[in-house]
Structure formats: C-alpha cells, structure tokens
Amino acid sequence: MTRLHLVLGDQLSHALTALSDLGPDSVVLMVEVDEEARYVPHHKQKITLILSAMRHFGEGLRAQGHRVDYVALDDPANTHSFSGEVARAVKRHGATRLIATEPGEWRVWQMMTGWQADLGLPVDIREDTRFFCSRAQFAALSQARKTSRMEYFYREMRRQSGLLMAGDSPVGGQWNFDSDNRKPLPKGAKLPPRLRFVPDDTTRAVMALVAQRFGDSFGDLEPFGWPVTRDEALQALDHFVAMALPHFGDVQDAMKAGEDFLYHSLLSPALNCGLLLPREVCVAAEAAYAAGHAPLNAVEGFIRQILGWREFVRGIYWDQMPGYAATNGLDADRALPDLYWTGETKMRCMAEAVGTTRRTGYAHHIQRLMVTGNFALLAGLAPAEVEAWYLAVYVDAYEWVELPNTHGMVLHADAGRIGSKPYAASGAYINRMSDYCGGCAYDVKEKLGPKACPFNYLYWDFIARHEARFANNPRMAMPVRTLRGMDADKRAQIREEASRFLDGLPPSGPSWPRRG
C-alpha cells in the first residue's frame, strides 16, 4: 500500500496540503519534464530557478527522512509529461492512491482531473491553502458582488486577514495610499545594494543543463542570483524589509535607465514557486510599520500588491477560465514585433524594459504595465501573442497570475472585467516617471513628425480606433472629447504616422516561440 504525493515546481512549500500527512507508506514524487519547460520559450533563468529550487526542495525532504522519487530532466526513461511520469510512478511503486494539491494553471488542472479515470486509482486533489482566498471563497464573493473591482475585494481581504486593521477600521484611517505612491525617483537618490545569491553546485549543474538543452530559449543565463532555497528566500525577505521597504512607497512607479531593481521587493519569484508564503511576507511588512521602520504608504502599497492584486487576479483566473483567455474586447490582432525579443529599437524606454527583462528575467510592474504593456495596448497587438511573451520572459510568471494581469490590466482584452478603463498613456507619462526620454532618439515633446515619440501618435490613434467604444466610458470622456476637437487633417496625419510606424516593425515571424 503506497500513497504517491505529487509536488509540482511551483508548490515548493512544506505547508503544501499534499504533504500534510506524509507517513511510512508515502512516496513524494517530483518530476522535471520538457513539456513544462517548452510550452512557451521560458527565460533561461526561469527554467534554472524552478529546476534548482525543485532539486533543493527534494533533497530537503530526503534529509527529513521522507522517500522522494525525483525524475530528472535528463533521465533517459523520462516521458517529459506530467501524465506520463505520474503513470510511470504509479506502476513503479504499485501506488494505491495519488495525492496532489490543486495546480496553478488551467491546463494542468484539466490534466489532473482526468488522472483518476486514466490511472484507475483514487486521486485526492486538495485545496491550495497557501493563498488568503480559496477558489471557492472567491466564487462566493463574486456571487455576492464583492469582486467587481479589486479595491472592494482588497478591503474584504483586509478585514478577513486583520492586516493593517485597527478593529473594524483600516490603520491610518484610509484603505489605500496609492495617491502618495506616484512620485518619480528624486535626482541623486542612493539606491540600496540588492541581495543576490551565488549559485551553489546544484544550481551550477542546472545552469549547465539549461545551457545545453535550452540554449535557444530567451534571455541571459548569467549572472544568476535568484533565491532557490527556503533559507535564501527568507534572507531576501529580511533584506527587502530592512533596506528597500522604507523607500518603496513614494517611488514604486518610478523607472530609471540602467537600474533593474530600484526599491522593489524581488520576492515574487520565491512567492510564486512556494519558497515564501504570502501571509509571512505581509506580516513582515506590517511588523516593519509597527516598529516605525517603514511608513504606512510603503507598507500598505506593498501589502496591497500581495493581499489585493495577487489574490484578486488568481480569483479572476479560476472564476473566469477557460473562456477568459479567448476574449478580445478591443479586437486586437497585430502580430508581436520582433523588438519584444531583441530589444532592438530606437525607443529608449522599450529598449530598457526589454533589456532588463533579457538580463534578469525581471521587470517591475510599471515597466510591464506602462512601457511594454502600454505599447502592446496602443499598437493593438494580439492578446494571445502578448500573453505568451509575458509568460515566457519573466521568472515569476505562471498563467494564473500572468494571464489576468496581461489580458485584463495591460490589454483591456476582457472588456473591463479587471479594470474600468484601459491603462493607455502617451510619452508624457513615461517622461514624468523616468529618465528614459532624456537619452532617446525621439523627442517626447513632439506629437507628430519623424522625431515625435511614437507613444504620442500611437496613443491618439488608439483613442481614435476605439472612439465609439470609449465614448460612453466616463473615465475615457476627456481623451475622447480632446480627439473630437481635432480637425480632420490632424486626425488623418495621426492615423498615417501610426500606420507607417507599426507597419514598419519587423514581426517575430512564425517561429517566434523558439527565438533566443
């Protein structure tokens, strides 16, 4: 009588429900499969992070005395699919029961729910209790109309969790300090050195494997510095709270050329693969405020990213899938340009955002939303292609968190389920929040003409293409009125220049998912 306990690569937590009742009859199964490493061209550092963290986690379980069946990527017998490896393990161990925790992605859920019939044994799929809000609770809140906007949901989560609460009221007398957190980086700001981790022998072995098997995947393999163990992840959390959190709030939306990390936590890769738990991260930030170490606007803004946005988009994902991914509310259909992979463009902001992504597998939320995302929105890029890119290039990207953020927040492809307006902006926003425009080949103050910042005419072309759609949206009333005040010649020039620019961008081509 053997019970098989499956642990996936984004479930590397000892608090995992699939591991809650390990006993003498238990075998923990962990598998590295090509199917997961290649369904989009994942960044080399993302593959390295997940495989190294898996190997460390498996060794940790063994050190605790548990039996671990670990199938490596280069095992000659590896079938390179979850279903194939689970079936082999069931046969290998004569398993009488399979125990798993609900996966983070719809396609894996579809796989997993078919295993009981396919394998002919009981399959126990348990709730993932690492989140504040269960899938069932979010569905119930949706029925009660408490998830129409993230802010309403966030307040519910604050009350439920008790985080930053004084009885029934929010600490500081207001729920949200976002209006305090939109300042550009001050000139001469001294940024803290960020904690990075030297790869150990296990990580080095994975890096060699990735270089050999995934050399044509996107991104630079070195320098690699992400935490791959629970201990390293806790060190990263302590470092952020001590060195960066106190300054995070005011300038969390700022961007600076040549600076990859600023004051951002860099914790999402560890959070999303299970090395950290969301509650412990939020509690650490709350404790910093209580101790007078970090101001309320910084702590509330950080906690909102986790307790608010992270939980909200996961809820939307499971509440709306699978149909959610197929929506295309703005009828966007342009192919993804090659510059998203190469970074080769005269637009300095795009070159910076793609460059940091290529080097590190990371870009902070404003670079993702208001630079690469804003361009995709204005250009009318096909949602599926943009979403596949975001899923591939970031070390913290898993479909449950990436798809709603990109589909809804970035591209407004869900016709307003997540955001009441598209996050569209001209070059003026990027100029206000960064120093990118100062060294750009284009002039952000020019609206039209060969030197004009492309974001300027692309913005007005976007408003014009969707004028009828936006006319009845109160939050889009001002740009629509401004557009309607333009004469016909100016509108025609905007359309002409936008078309010329976009049509001149080399597309990624049919082989783009395999581009390096």
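Which residue's side chain does the side chain of Arg126 join in a polar contact of 2.9 Å? Select Arg126 and the answer is Asp124. A polar contact here is a pair of N or O atoms within 3.5 Å; within protein, one must be able to donate a hydrogen and the other to accept it, and residues adjacent in sequence count only if both atoms are side-chain atoms.

Before going on, note that this is a predicted model, in which local features need pLDDT of at least 70 and side-chain atom pairs count only at pLDDT 80 or more, while totals for chains, interfaces and linings use all residues. Residues are numbered from 1 along each chain as its sequence is written, and side-chain values use heavy atoms, with hydrogens and water left out.

**Around Arg126**

Stay on Arg126, which is found in strand β5. Helices (H or I, at least four residues) and strands (E, at least two) are DSSP runs, numbered from the N terminus. Arg126 is buried at a relative accessible area of 16%, where buried means under 20%, exposed over 50% and partly exposed in between (1.4 Å probe, protein chains only). Its side chain also reaches the backbone oxygen of Thr17 at 2.8 Å. Show the residues that Arg126 touches, among them Ala18, Ser20, Asp21 and Glu102; contact means heavy atoms within 4.5 Å. Ala100 lies 26 residues away along the chain, yet 6.1 Å separates its C-alpha atom from that of Arg126.

**The sheet**

Next, select strand β4 (residues 95-101), which runs parallel to β5 and is joined to it by 4 bridges. Two strands pair if DSSP finds at least two bridges between them. Thr101 stands opposite Arg126.

**Asn272 and its neighbours**

Move to Asn272 in helix α10 (residues 268-273). Asn272 counts as buried, at 7% relative accessibility. Its side chain makes a polar contact of 3.0 Å with that of Arg310, and a polar atom of the Asn272 side chain lies 2.8 Å from the backbone oxygen of Asp396. Other residues touching Asn272 include Asp10, Tyr398 and Trp400.

**Cores and cysteines**

Then select Phe302, which touches Phe240, Leu245 and Phe248, among others. Phe302 and Leu245 are among the residues that touch the most other members of the largest nonpolar core, which has 156 residues. Such a core is a set of buried Ala, Val, Leu, Ile, Met, Phe, Trp, Tyr and Cys residues joined through side-chain atoms within 4.5 Å. Helix α12 (residues 296-320) gives the most to this core, with 12 residues. A second, separate core of 21 residues includes Leu8, Val27, Val33 and Val90.

Finish with the cysteines. The structure holds 0 disulfides, a disulfide being a pair of cysteine sulfur atoms within 2.5 Å. Cys437 has its closest cysteine sulfur in Cys453, at 6.1 Å, too far for a bond.

Definitions and conventions:
Lists of a residue's contacts leave out its neighbours within four places in sequence.
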